[in-house]
Amino acid sequence: MKKIYALLTMAILCSVTSMPLPVQAQSETALQHRAEISYPVKFDKTTKPLREMFDTGERPEPARGGKDFEPGRPVPVSNRITPFTDPLADKSVGLTSALAEIKASTVGTPVDPNARVAPPDTTGDVGPNHYVQWVNLRYSIYTLTRDASNQITGFNLVPGFPKQGNVVWQGFGGRCQSDNDGDPIVQYDQLADRWILTQFAVSGTPYTQCVAVSTSPDPTGTYFRYAFSYSRSFNDYPKMGVWPDAYYISYNMFRNGVSFTGNTVCAFERAQMLIGAAARQACVNTTSGASMEPADLEGTTLPPAGSPNLLMSMTSTSINFWRFAVNWAAGTGTLTGPTAVSGVAAFSRACGGGVCIVQPNTTTRLDSLGDRLMYRLSYRNFGDHESLVINHSVTSGTGTGIRWYELRNAAGQTFGSANPVLFQQGTYAPTNDFRWMGSAAMDKTGGIAVGYNISSASIVPSIRYAYRGPADPLGTMGNETTIHPGVGSQTGSLTRWGDYSTISVDPVDGCTMVFTTQFQPANGSFNWSTYIHSFKLSTCN
C-alpha cells in the first residue's frame with residue numbers, strides 16, 4: 001500500500017481510513033475476461049549506467065498533494081482478534097529432517113532520514129553475482145561474495161547506494177522521473193539474466209507504473225525504461241511474477257484513488273522489453289478478486305509449453321485460482337477464474353484482516369494485512385509435477401500464525417489444463433504469539449521455508465523463519481529460527497508494518513534462500529530498518 005508520511009496528522013489518518021468502499025462480490029464461478037492491449041506512453045534507454053546516476057538533491061513531494069491518501073481496502077476488514085481454533089495448528093508443527101545452514105546476513109536499507117515514510121514495502125531478489133533490495137523510497141545493490149563451493153558468504157554494498165527509487169528514471173520525463181512513490185518490486189529474470197525494477201508513480205494523474213529492465217546481467221548498469229499509464233485508476237499494491245512469455249503484474253485499482261473498481265492483471269511483453277522495443281501490455285480488470293498474486297518462476301525448468309500464468313487470491317473463506325493466457329501474435333489475452341481451491345481448511349483472517357498485532361511496552365497495534373495472500377506465489381516445475389507455494393496470516397487461538405499451501409497439478413494434467421490439487425497445507429503457530437508478514441519459497445528439492453515477523457506482549461517485533469524438508473510429514477514445519485531478535489517496538493499512531501516481505505532462492509545452487517523484511521532498531525515511529533539473511537536447508541544439495 002501507499003506509504004504514510006511521518007508528519008501527517010491524526011485527523012487526516014482518521015478521515016482516510018474511514019472512507020467508505022464498495023463491497024465487491026467474490027464469485028466462485030470461473031469467468032472469462034478479455035484483455036485490452038495498449039502500448040507504453042514512453043520507453044527509452046538510460047544514457048549512462050545506474051552506478052553513475054545520483055540523487056539530484058531534490059526531496060520527493062509529499063504523496064499526492066501533501067496528504068496521506070490511503071485508498072483503503074479492497075474489501076472491508078475488522079481490527080480485532082477474535083479467538084479461533086485453527087483446525088491445522090495443532091498438527092502442523094513437527095520435527096523436520098532438515099537443518100538450516102546459515103550463510104550470510106546484513107542490515108539492509110533503512111528509512112531515508114530525510115524523507116521518513118512507512119511502511120518499507122521490503123522486496124529483494126538474488127542473482128549469480130548481486131542482491132538487489134528495494135524499500136520505500138530507496139534501493140541498494142550488493143555484490144555477493146561466494147566461496148569455492150559457490151555458497152554466499154557476504155553481501156557487499158556497492159558504493160553510491162542506496163539511491164532514491166526514481167534515480168534510474170532521470171532524464172525520462174513524466175511521472176516516473178518526477179515522482180518517487182514506492183510500492184516497489186525487484187525481480188531477477190534468470191531465464192534472460194536480467195533485472196527488473198518497478199514502482200508506481202501516483203503523486204498525481206495519470207497514475208503510472210514505471211518499469212526498468214537491465215540491458216545486461218549487471219544491475220548497476222544501463223536499463224530499458226517504460227511507463228505504462230492507467231489514467232485516473234490508481235494502481236495500488238502491485239505484485240509481479242516472471243513468466244516465459246511476459247512479466248505479469250497485478251494491481252488493486254481505485255478510481256480517482258478512492259473507489260475500489262477491481263483487480264487489474266497486466267502482462268508486459270517480455271521479449272520486447274529485453275531488447276528495448278515497444279513492449280505492449282495486455283490488461284484485464286475483474287471485480288471477482290483482489291490482491292492477486294501472479295506466479296513467479298523458480299528454477300530453470302520452464303512451465304509446460306503454452307502454459308498461462310497462474311494467479312491466486314483469497315476471500316474471507318476461500319483460496320481462489322486463476323489463469324491468464326496471453327497470445328502476443330494474435331494480440332489477445334484471457335483471464336479465467338476464480339475457481340475455489342478444493343480442500344482448503346477453514347481459517348479466520350488474522351485480526352479480521354486488519355490491525356491487532358500486539359507489541360510490548362506500547363498500546364500501538366500493528367497491521368496484519370490478513371485480508372490478502374502474501375508475496376510471492378512461487379512456482380516450480382519438477383518435471384514429474386508442478387508446484388505452487390503461497391501463504392497468508394490467520395488467527396490461531398488468541399494469536400496469529402502463518403497458513404501456507406503447496407498446490408500441485410492434477411495427475412495426467414497441468415496447471416494450465418485442470419484445476420490444481422491441494423497437496424499439503426499447514427498453519428505454523430506453535431504458540432499464541434503473533435506471527436505475520438510471511439513470505440514462502442521452495443528449493444529445488446521441494447524443501448519449503450517461510451520467513452515472517454513475530455511479536456507479542458513480551459516479544460519485541462522480531463524476524464524468524466520455519467521450514468520443512470521434502471520428505472517430512474505433509475503439512476508440518478519446524479525448527480523455528482530467529483534471524484534478528486527484536487530491538488524496538490513501533491509506537492505512536494503508526495500501525496502500518498511491512499506491507500510485504502520477500503524470500504527468494506539463489507539461482508546458482510537452487511537451494512540457498514534469502515529473506516528480507518522489516519525490524520525496529522529502537523522504539524519509535526518512522527525509524528524502521530530492514531535485514532537480509534541467507535540460509536540453506538541441509539536436505540538440498
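This is a predicted model: local features need pLDDT of at least 70, side-chain atom pairs count only at pLDDT 80 or more; totals for chains, interfaces and linings use all residues.
How many aromatic pairs does the count come to?

The protein chain has 541 residues, and 64% of them are buried. By secondary structure, we have four helices and 36 strands. Along the principal axes, the C-alpha atoms fill a box of roughly 55 × 55 × 55 Å. As for contacts, take those with a separation of 6 or more: 66% come from residues 24 or more positions apart.

The accessible area of the chain is about 17,300 Å², and carbon and sulfur atoms hold 53% of that. On charge, there are 40 positive and 40 negative ones, and their mean positions sit 3 Å apart.

Okay, back to the rings. The count comes to 22 aromatic pairs. Let me show you Y188 and W195: ring centres 4.9 Å apart, planes at 50°, so we call that pair tilted. Are these two buried or exposed? Y188 has 9% relative accessibility, so it counts as buried. W195 is buried too, with a relative accessible area of 1%.

Now compare that with Y248 and F324. Here the centres are 5.7 Å apart and the planes stand at 75°, so this pair is edge-to-face. It also links distant parts of the chain: Y248 is in strand β17, residues 246–255, while F324 is in strand β22, residues 319–327, and the two are 76 residues apart. Both Y248 and F324 are buried.

Which residues are in it? F43, Y226, F228 and F268, linked by ring pairs.

Last stop is an acidic residue, D86. You'll find D86 in the loop between α2, residues 63–66, and β5, residues 100–107. Is D86 buried or exposed, then? Its relative accessibility is 4%, under the 20% cut-off, so D86 counts as buried.

So what does D86 reach with its side chain? The backbone nitrogen of L88, at 2.8 Å. Then look further along the sequence. Leaving out residues up to four places away, D86 touches A346, V394, T395, S396, R403 and T427.

Key:
Residues are numbered from 1 along each chain as its sequence is written. Side-chain values use heavy atoms; hydrogens and water are left out. Buried means under 20% relative accessible area, exposed over 50%, partly exposed in between (1.4 Å probe, protein chains only). Contact means heavy atoms within 4.5 Å. Accessible areas come from the Shrake-Rupley method with a 1.4 Å probe; for residues, only the protein chains shown count as cover. Lys and Arg count as positive and Asp and Glu as negative; His and the chain ends are not counted. The place of a charge is taken as NZ of Lys, CZ of Arg, CG of Asp or CD of Glu. A polar contact is a pair of N or O atoms within 3.5 Å; within protein, one must be able to donate a hydrogen and the other to accept it, and residues adjacent in sequence count only if both atoms are side-chain atoms. Rings of Phe, Tyr and Trp (its six-membered ring) pair if their centres lie within 6.5 Å; planes under 30 degrees apart count as stacked, over 60 as edge-to-face and the rest as tilted.
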